[in-house]
Amino acid sequence: MKQGLSLRVSQHLALTPQLQQSIRLLQLSTLELSQEVEQMIDENPFLEVAEEAAPREDFGLGAVDTPVSQETREFESTTDSIAVGADDSGAAGQNDSEPSSEAKLEESWEGDGSVETAPDDNEWGGDATPRKNNNNDDSDVDATELARSQESLQDHLHRQALSLRLSPEGKAALHFLIESLNDDGYLEDSLTSLAAGLAGDDVEQLEAVAHEFAVALKLLQHMEPAGVGARNLAECLSLQLLDCKNNDETRAAIAICQQPMELLAKRDVKRLSQLCGCPDAVIKGAIGLIGRLDPKPGRRFVNVERNLVVPDVLVVKSGRGFKVSLNSEVMPRLRVHDIYANALKQNKGQGGQALQQRLQEARWFIKNIQQRFDTILRVSSAIVERQKNFFTHGELAMRPLVLREIADELGLHESTISRVTTAKYMSTPFGTFELKYFFGSALGTETGGNASSTAVRALIKQFVASESLKKPLSDNQISEMLKEQGIECARRTVAKYREALRIAPANLRKSL
């Protein structure tokens with residue numbers, strides 16, 4: 001085998017640390033970005049938080065041009081509110097081309113894209129009668145106010161326990177059980193396992209602790225909210241039914257809770273009537289009574305404020321069009337520490353390579369944050385231009401849109417658009433939505449055009465909202481109704497969209 005030398009010319013993409021940081025910052029959510037900024041401020045002495053909006057430094061980033069429609073829409077966008085900057089010694093003129101990834105996305109966006117919301121619980125707890133507690137005058141306090149005041153379920157129960165006259169052992173047992181509840185108000189562990197964790201292998205002590213827990217559990221299950229301290233769903237519903245008026249429906253409801261929960265979930269009236277020995281009419285009334293109970297009594301005490309979504313982009317009506325701007329509340333106000341930077345500049349020989357590197361890291365971090373918000377604003381403005389009918393007429397006017405359309409318009413890669421639209425939210429006249437919500441696949445129409453899957457889901461929601469409770473629409477009927485509107489949508493597609501909207505099947509929506 002002969003050995004030789006040869007020259008070969010090739011091209012490859014190298015992701016520098018700066019580009020890697022830019023990609024990572026681009027896909028972070030608002031909360032994750034805030035945590036990243038705090039960590040960087042702690043680690044880098046050249047970064048500081050500006051009390052006021054720092055002047056924006058030009059790192060070679062051109063002005064963001066917001067697309068303007070020809071006739072009916074006017075988009076006024078500005079990047080002056082980007083509250084990040086650096087000193088005059090920033091690295092101007094750097095190459096700011098958007099990083100691309102080797103991964104390719106599919107041309108059609110098949111995902112739901114809508115903002116995830118909690119399941120519709122209107123069927124549960126709508127008319128439930130709250131339990132009255134003579135020892136607690138605050139039993140009717142609104143749950144939202146309790147959450148805002150940071151009172152947890154455990155704090156609420158401990159306040160009620162103060163009015164009980166118990167022995168030291170009883171107080172300790174009740175306190176232990178209250179602290180063992182989960183967020184839904186259930187006691188997941190058995191009393192035996194809890195007692196074994198405290199008593200160990202001592203049989204006599206184990207029996208004594210288990211007895212104290214049994215007594216304390218009875219007291220706990222009589223506290224507010226009704227149903228707290230239950231070990232399972234059936235017990236939770238039964239505890240709430242004990243406070244209801246004693247009649248045939250209540251007794252039948254308690255008997256239903258003693259049967260397998262699958263029968264209640266399927267609303268199998270005939271089977272439940274046989275097992276409980278009650279007429280069908282009484283069983284139907286009992287199922288309706290159970291539907292007004294709260295299956296998760298502790299959920300109302302969960303802090304709802306921590307689940308609030310802060311939008312990254314604001315879209316408001318402005319004249320004949322809409323103004324697209326960044327939310328100044330989510331933009332960090334960063335700048336390079338002038339004193340440290342000038343001191344290092346005046347003493348270059350004594351500064352050391354490590355400090356120079358930290359200063360450069362601070363400048364690159366500020367630049368990458370600027371680029372992140374510039375990209376978010378550009379993508380958001382392009383989305384508003386493409387979906388302008390949505391901002392005027394609502395989700396029924398949503399048009400099909402895929403990532404490639406926005407990528408081609410802005411000269412970016414699809415992977416960049418995917419990162420921008422993930423965990424970023426836009427405030428609109430119709431509510432706050434994730435940027436992915438505005439992307440949807442296309443369904444064919446009789447006229448040869450396309451209809452957005454988001455608009456089709458909105459139509460399905462309207463059909464279900466206006467249906468008769470005595471005869472709810474089946475998936476096949478909804479498919480036929482969509483065909484009457486000129487939209488070709490198969491039954492299985494209707495079922496998929498219905499499940500995405502968290503709408504129950506027709507047999508479960510039927511009024512008994």
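Is Glu 361 buried, partly exposed or exposed, going by its relative accessible area? With a relative accessible area of 29%, Glu 361 is partly exposed. Keep in mind that this is a predicted model.

**View 1. Glu 361 and Arg 358 pair up in a salt bridge.** Their side chains meet at 3.1 Å, N to O.

**View 2. Glu 36 and Arg 24 form a salt bridge.** Here the closest N and O atoms are 2.8 Å apart. The pair links distant parts of the chain, with Glu 36 in helix α2 (residues 30-43) and Arg 24 in helix α1 (residues 17-27), 12 residues apart. Glu 36 counts as buried because its relative accessibility is 15%, under the 20% cut-off. Arg 24, at 32%, counts as partly exposed.

**View 3. Arg 404 and Glu 414 form a salt bridge.** The closest N and O atoms are 2.8 Å apart. Arg 404 belongs to helix α16 (residues 403-410) and Glu 414 to helix α17 (residues 414-420), so the pair ties together parts 10 residues apart in sequence. Glu 414 is buried at 9%, while Arg 404 is partly exposed at 31%.

**View 4. Four lysines make a positive surface patch.** Look for Lys 284, Lys 470, Lys 471 and Lys 510. Lys 471 is found in the loop between α18 (453-465) and α19 (475-484). With 68% relative accessibility, Lys 471 counts as exposed.

Conventions:
Residues numbered from 1 in each chain as written. Predicted model: local features only at pLDDT ≥ 70, side-chain atom pairs only at ≥ 80, totals over all residues. Heavy atoms only, no water. Patch = residues over 30% accessible without salt bridge, like charges linked within 9 Å, V, L, I, M, F, W, Y side chains within 5 Å. Areas by Shrake-Rupley, 256 points an atom, 1.4 Å probe, with all protein chains shown as cover. Lys, Arg positive; Asp, Glu negative; His and termini not counted. Charge placed at Lys NZ, Arg CZ, Asp CG, Glu CD. Helix = DSSP H or I, 4+ residues; strand = E, 2+ residues; numbered from the N terminus. Buried < 20%, exposed > 50% of the residue type's maximum accessible area, 1.4 Å probe, protein only.
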